[in-house]
Amino acid sequence: MSPVQGPALLKVTDLKKSYGAIRAVGGVSFDVRPGEIFGVIGPNGSGKTTMFNSVLGQITPDAGRIELNGRDITNLSPLELNRRGVGRTFQTLQVFGKMTVRDNLIVAAQEHQGTMFSRMFAPGDSGLGAKADELIDLFRIRHVAHKKAGELSYGQQKLVDIAMAFMSEPDLVLLDEPCAGVNPSLVGGISTLLKQLNQKQKGSFVVIEHNMDFVMDLCHRIMVMVEGQVMAIGTPAEIRANKQVLDAYLGN
Ligand SMILES: Nc1ncnc2c1ncn2[C@@H]1O[C@H](COP(=O)(O)OP(=O)(O)OP(=O)(O)O)[C@@H](O)[C@H]1O
């Protein structure tokens with residue numbers, strides 16, 4: 001049983017997506033509760049990204065239903081989802097190298113508010129400066145806040161990238177491999193930050209990540225996907241003790 005209880009914030013039911021003869025996601029169901037950090041693990045090609053992109057409105061599933069707070073959000077666009085409180089980070093950096101760190105944060109939230117041309121113009125504060133400063137302090141990037149993001153190390157840019165997803169105080173954030181390419185010395189710091197954000201903003205996170213120590217330490221529950229199917233959902237202790245999971249994945 002998860003330490004986080006309550007009705008589902010996100011509910012995914014029998015999600016399916018094939019590419020020709022390849023069944024990328026073959027009937028996946030799970031739910032994420034308010035305040036829960038939910039990990040998604042599985043071997044390469046097991047359908048994690050396809051599931052993620054279906055939830056985020058980036059690809060159209062063949063079948064299935066996705067609900068947020070009991071409302072059907074299947075096939076809504078990424079922008080509509082963002083306005084309903086769903087944020088995301090990408091595997092690749094989304095920061096704008098020629099803008100300062102602080103402006104990157106402000107612009108990320110302006111986009112959420114619908115200022116679609118905001119990246120084309122010099123960003124004003126729009127009342128978002130206080131939120132940007134709060135995240136700059138939480139992420140301990142005050143010393144680089146007024147530097148151009150492109151001048152930062154990859155690890156620092158990754159922190160900015162993650163902070164950007166939290167500017168609009170989303171109810172649900174989907175994080176796609178937050179540790180990918182990050183120096184191992186920074187991995188523990190990202191985990192601590194996400195725990196702090198989870199406590200502070202009371203948001204729910206879904207995290208795809210191959211770094212097993214990170215997932216086991218961070219997540220309340222973990223879903224294991226294998227060949228487009230859910231093999232197991234449980235607490236880190238339950239997943240570690242699951243013989244089928246050990247044989248198919250963790251034992252490798
Ligand atoms: N656009 C696409 N066209 C054709 N096949 C695809 C496409 N996207 C994914 N697939 C296939 O669907 C299956 C699931 O891929 P997916 O990327 O969802 O897995 P994954 O678990 O995220 O893998 P990884 O850990 O490597 O990111 C794979 O067999 C993949 O080759």
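**Stop one: helix 6 and its surroundings**

Start by selecting helix 6 and then what its buried residues pack against: helix 4 (129-138), strand 8 (204-208) and helix 7 (212-218). Keep in mind throughout that this is a predicted model.

Now show the side chains of Ile 190, Ser 191, Leu 193, Leu 194 and Leu 197, the buried residues of helix 6. Turn the view so you look down the axis of helix 6: these buried residues fall within an arc of 165 degrees, so they line one face of the helix. In general, an α-helix has 3.6 residues a turn, so residues three or four places apart point the same way.

Just past the end of helix 6, click on Lys 202, which takes a positive phi of about 60 degrees.

**Stop two: the two domains**

Zoom out and colour by the domain assignment: domain 1 is 1-85 + 170-252, and domain 2 is 94-168. Their centres, taken over C-alpha atoms, are 25 Å apart. Twelve residues from domain 1 and ten from domain 2 make up the contact. Which element gives the most to the domain 1 side? That's helix 6 (residues 184-201) again, with five residues. Colour that side of domain 1 by class and you get seven nonpolar residues, five polar and no charged ones.

**Stop three: the core**

Next, pick Leu 105, Met 167 and Val 207: of the 66 residues in the largest nonpolar core, these touch the most other members. Helix 3 (residues 101-112) supplies the largest share of this core, six residues. Both domains take part, with at least three residues drawn from each of domain 1 and domain 2.

Stay on Met 167 and bring up its contacts. Leaving aside neighbours within four places in sequence, Met 167 is in contact with Leu 105, Ala 108, Ala 109, Leu 128, Lys 131, Ala 132 and Leu 135.

**Last stop: Glu 169**

Finish on Glu 169, in the loop between helix 5 (154-165) and strand 7 (172-176). Is Glu 169 buried or partly exposed? It counts as partly exposed, because it has 16 C-beta neighbours inside 10 Å.

Note on methods
Residues are numbered from 1 along each chain as its sequence is written. This is a predicted model: local features need pLDDT of at least 70, side-chain atom pairs count only at pLDDT 80 or more; totals for chains, interfaces and linings use all residues. Helices (H or I, at least four residues) and strands (E, at least two) are DSSP runs, numbered from the N terminus. A residue is buried if 20 or more other C-beta atoms lie within 10 Å of its own, exposed if 12 or fewer, and partly exposed in between; C-beta atoms are placed from the backbone. Domain bounds come from an automatic or database domain assignment. Two residues are in contact if their C-beta atoms, placed from the backbone, lie within 7 Å. Ala, Val, Leu, Ile, Met, Phe, Trp, Tyr, Cys and Pro count as nonpolar, Asp, Glu, Lys and Arg as charged, and the others, Gly among them, as polar. The arc is that of the directions from the helix axis to the C-beta atoms. A nonpolar core is a set of buried Ala, Val, Leu, Ile, Met, Phe, Trp, Tyr and Cys residues joined through C-beta atoms within 7 Å.
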